[in-house]
Amino acid sequence: MNCPLCAAQGPRRMFDKNGYQVLLCPSCDTAFIDPMPGEEAIRGTYTLDYFKGNRSKFGYADYSAESAFLAKNFASRGKIIESFVPRGRILDVGCANGAFLAALGPHWEKHGIEVSTELLKDSPPPKEVAVFAGDVLEYPGAEGSFDALTLFEVLDHVRSPRAVLKKARALLKPGGLLSVLQGDRSSFFAGLLGSRWYIYIPPTHLWYFSRAGLSRLLEQEGFEVLRAEYEPRWASLTLCLFRLSYILPSFLVDPFYRLFKGTRLGEAGIRFNFRDVVTLYARAR
Ligand SMILES: [Zn+2]
């Protein structure tokens with residue numbers, strides 16, 4: 001078969017997980033799942049369950065409960081964006097409850113896209129955010145109208161990362177800033193865990209990028225990569241345990257998860273950095 005991202009021949013099997021094959025394309029250094037789910041199946045993933053931890057092993061323990069920690073992570077990312085583009089119109093693709101946009105100052109005109117209408121109903125973004133409920137490829141915003149655009153953990157959820165990057169490039173002004181956050185398949189931590197790495201969760205994640213492969217993809221789609229960051233991240237003890245359940249046998253993790261979920265200790269923050277999640281900052285050429 002040919003690579004669905006770069007069309008080169010010769011993707012080879014890395015391992016099987018959750019009933020899917022994970023294949024690696026040696027040409028573009030990107031891994032992907034086979035079979036690739038259809039558009040309907042992908043859309044069906046982002047029900048409220050995904051954000052509330054009811055669907056075991058996927059998504060978030062409770063996205064809203066993480067907001068204080070997410071705000072810290074988002075504020076530091078916002079500062080880096082502002083070091084390149086200090087103000088203007090910003091679009092957050094996959095904005096969820098608008099937490100990233102809320103962490104930015106009032107000198108930004110804030111726009112968000114979120115595919116989960118259920119989430120928007122349950123946890124609506126703040127009033128200052130103009131939200132489009134739907135698919136980024138159907139977003140009606142004017143071309144060349146944004147100063148900054150963010151894709152945090154989005155590209156691995158969509159059928160065509162290339163199409164989304166083309167759309168992002170079209171929406172940005174020339175010189176506008178793109179920020180892309182993804183798990184880094186080529187990181188030491190990912191290599192250490194192999195197929196148990198918590199980012200390898202077919203069919204939620206369809207693609208697994210390396211830092212080099214992702215940088216090259218951005219360059220091909222009209223961006224100049226300026227900076228790569230492995231940010232420390234804050235998360236609650238509950239979310240850490242939830243994520244650990246991807247890696248360790250459930251009988252080791254589940255008792256602690258049940259013990260701490262909903263308690264004050266479970267809401268305590270942990271700062272960690274496995275250096276396995278990379279944020280690329282790139283300028284639209
Ligand atoms: Zn490829």
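Here is a working chat about a predicted model of one protein chain.

Colleague: Before I dig in, what kind of model is this?

Modeller: A predicted one: local features need pLDDT of at least 70, side-chain atom pairs count only at pLDDT 80 or more, and totals for chains, interfaces and linings use all residues. Residues are numbered from 1 along each chain as its sequence is written.

Colleague: Okay, how many helices and strands does the chain have?

Modeller: Ten helices and 13 strands. Both are DSSP runs numbered from the N terminus, helices being H or I with at least four residues and strands E with at least two.

Colleague: And how compact is the chain?

Modeller: Its radius of gyration is 18 Å, close to the 19 Å from the globule rule for 285 residues, so the chain is as compact as a globular protein of that length. That radius is taken over C-alpha atoms, and the rule is 2.2 Å times the number of residues to the power 0.38. Along its principal axes, the C-alpha trace spans about 50 × 50 × 35 Å.

Colleague: What share of the residues count as buried?

Modeller: 41% of the 285. Buried means 20 or more other C-beta atoms within 10 Å of the residue's own, exposed means 12 or fewer, partly exposed is in between, and C-beta atoms are placed from the backbone.

Colleague: Switching to sheets: what is the strand order in the open sheet of seven?

Modeller: β6-β5-β4-β7-β8-β13-β10, with mixed pairing. The edges are β6 (129-133) and β10 (223-229), each pairing on one side only. Pairing here takes at least two DSSP bridges between two strands.

Colleague: In which sense do β8 and β13 pair?

Modeller: Antiparallel, over seven bridges. V180, for one, has L280 in β13 as its bridge partner. Helix α8 (residues 211-220) packs on this sheet and touches β8, β10 and β13, with its direction at about 150° to that of β10. For such angles, axes are lines fitted to C-alpha atoms, for helices over the stretch in contact, and the angles run from 0 to 180 degrees between N-to-C directions.

Colleague: What about the open sheet of four strands?

Modeller: That goes β1-β2-β3-β9, with antiparallel pairing. β2 (residues 20-25) and β3 are joined by five bridges, and they form a hairpin with four residues between them. In its turn, D29 has a positive phi of about 65°. L23 stands opposite F32 in β3.

Colleague: Why is β3 called largely enclosed?

Modeller: Because four of its five residues are buried, the rest of the structure largely encloses β3. On to β9: two bridges join β3 (residues 30-34) to that strand, and A31 has Y208 as its partner there.

Colleague: Which residues touch the most other members in the largest nonpolar core?

Modeller: L149, A168, L178 and L218, out of 69 residues. β13 (residues 277-284) gives the most to this core, with six residues. A nonpolar core is a set of buried Ala, Val, Leu, Ile, Met, Phe, Trp, Tyr and Cys residues joined through C-beta atoms within 7 Å.

Colleague: What does L178 touch?

Modeller: Leaving out residues up to four places away in sequence, L178 touches L149, A168, L172, F223, A282 and A284. Contact means C-beta atoms, placed from the backbone, within 7 Å.

Colleague: Last one: which residues of α3 are buried?

Modeller: F69, L70, N73, F74, R77, G78 and I81. Their cover includes α4 (99-103), β7 (146-152) and β13.

Technical notes
Two residues are in contact if their C-beta atoms, placed from the backbone, lie within 7 Å.
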